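Welcome, and thanks for taking a look at this structure with us. Please have the sequence and the 3D view at hand as you read.

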Amino acid sequence: MQDTRSAVLVISSHVVRGSVGNRAAVFALETLGFPVWAMPTVVLPWHPGHGPSTMLTFPESDFDKAIDDLIRAPWLGEVKAVLTGYFGNAAQPRSVARLVRALKEKNPDLLYVCDPVMGDLGGLYIPQPTAEAIRDELIPLATIATPNRYELAWLSGAPLETNNDIMDAAIALGPPRILVTSAVPMMAGGTGNLYLTGKHALLAEHRLIDNPPNGLGDLLGALFLGRILAGMDEEKALQLATASVFEVLARTAKRGGDELTLETDASSLSTPMAMVQMRRLMHPLQRTKR
């Protein structure tokens, strides 16, 4: 068990059925032993990928007041890390930025992981003003950002065809540590997670599984945060988080599930056995300038 004072505040979407957004992140972090504060940004009956459903939203003023409540909360010192994901409108990232700044004032070592949930291969799936608010308000505050390749491409304004392109865009984005999912694989039939810091350039690869359920990014961000918060070194944290996601995905696919089966595969979150290919890439700062 982790120190009970090391709570993680997770702010993202909530679905009634399924394992995406807060449902995935909270379960993963609690499985790793962390107490979690969970704040929904929107509530949906199910993930939009399953078809239309009613999105329950909060008035902007009410969301802002709830953020004020958290800033004033006597237990705020318990929060040692924040993870943000999907936002329902452009005002929410601005409100959350106030909260993150207040937390950093209390604890300069706060770990803030920003998962800029905004799009995929087909482009943005949230309104552009909301994406811009995430970019302008939250990315600059992030200790770690976890975009997928297509989100990073939108944030950087350039197509990212190679891992060198991804690393250059990651450096330009600003956060000291960036974990990019859907990176360019080096193994045939694979997919990769690329992690870049000031000194490390690591690629964790595994076999690609077609038509995966939603929620993999939410799960990876939470697991990686949990491992880092527990004091694990970055390479091992990346390996274990990637192995957990791949193992859950593979088991879900074998069962024919349309949602990640986290409740059945909790052991895959805590003690994954799947093999992950780890590679060290040439860091952009080591490349010879021409």
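This is a predicted model: local features need pLDDT of at least 70, side-chain atom pairs count only at pLDDT 80 or more; totals for chains, interfaces and linings use all residues.

**Two helices side by side**

Let us begin with helix H2 (residues 60-72) and helix H3 (residues 91-106), whose axes come within 10 Å and cross at roughly 10°. Angles under 35 degrees count as roughly parallel, so H2 is roughly parallel to H3. On the H2 side, the contact is made by Glu60, Phe63, Asp64, Ile67, Asp68, Leu70 and Ile71. H3 contributes Ala91, Gln92, Ser95, Val96, Arg98, Leu99 and Ala102.

**Nonpolar cores**

In soluble globular proteins, nonpolar side chains tend to be buried together. Here the largest nonpolar core has 52 residues. Which residues have the most contacts inside it? They are Leu9, Val82, Val96, Leu99, Leu103, Tyr112 and Leu194. Leu103 is worth a click: leaving aside its neighbours within four places in sequence, Leu103 touches Leu9, Leu76, Val79, Val82 and Leu110. There is also a second, separate core of 37 residues, with Leu32, Leu83, Leu269 and Val276 among them.

**An aromatic pair**

How many aromatic pairs does a search of the whole structure find? The search finds 1. The ring centres of Tyr195 and Phe224 are 5.0 Å apart and the planes stand at 65°, so the pair is edge-to-face; the cut-off for that class is over 60 degrees. This pair links distant parts of the chain, with Tyr195 in strand S9 (residues 190-196) and Phe224 in helix H7 (residues 216-229), 29 residues apart. Both partners are buried: Tyr195 has a relative accessible area of 0%, and Phe224 has a relative accessibility of 2%.

Finally, two residues have a positive phi although neither is a glycine. Ser182 lies in strand S8 (residues 177-183), while Asn211 sits in the loop between strand S10 (201-207) and H7, the helix that holds Phe224. Their values are set out here.

| Residue | Phi | Relative accessibility |
|---|---|---|
| Ser182 | about 60° | 26%, partly exposed |
| Asn211 | near 50° | 75%, exposed |

Notes:
Residues are numbered from 1 along each chain as its sequence is written. Side-chain values use heavy atoms; hydrogens and water are left out. Rings of Phe, Tyr and Trp (its six-membered ring) pair if their centres lie within 6.5 Å; planes under 30 degrees apart count as stacked, over 60 as edge-to-face and the rest as tilted. Helices (H or I, at least four residues) and strands (E, at least two) are DSSP runs, numbered from the N terminus. Buried means under 20% relative accessible area, exposed over 50%, partly exposed in between (1.4 Å probe, protein chains only). Axes are lines fitted to C-alpha atoms, for helices over the stretch in contact, and angles run from 0 to 180 degrees between N-to-C directions. Angles under 35 degrees count as roughly parallel, over 145 as roughly antiparallel, 65 to 115 as roughly perpendicular and the rest as oblique. Contact means heavy atoms within 4.5 Å. A nonpolar core is a set of buried Ala, Val, Leu, Ile, Met, Phe, Trp, Tyr and Cys residues joined through side-chain atoms within 4.5 Å.
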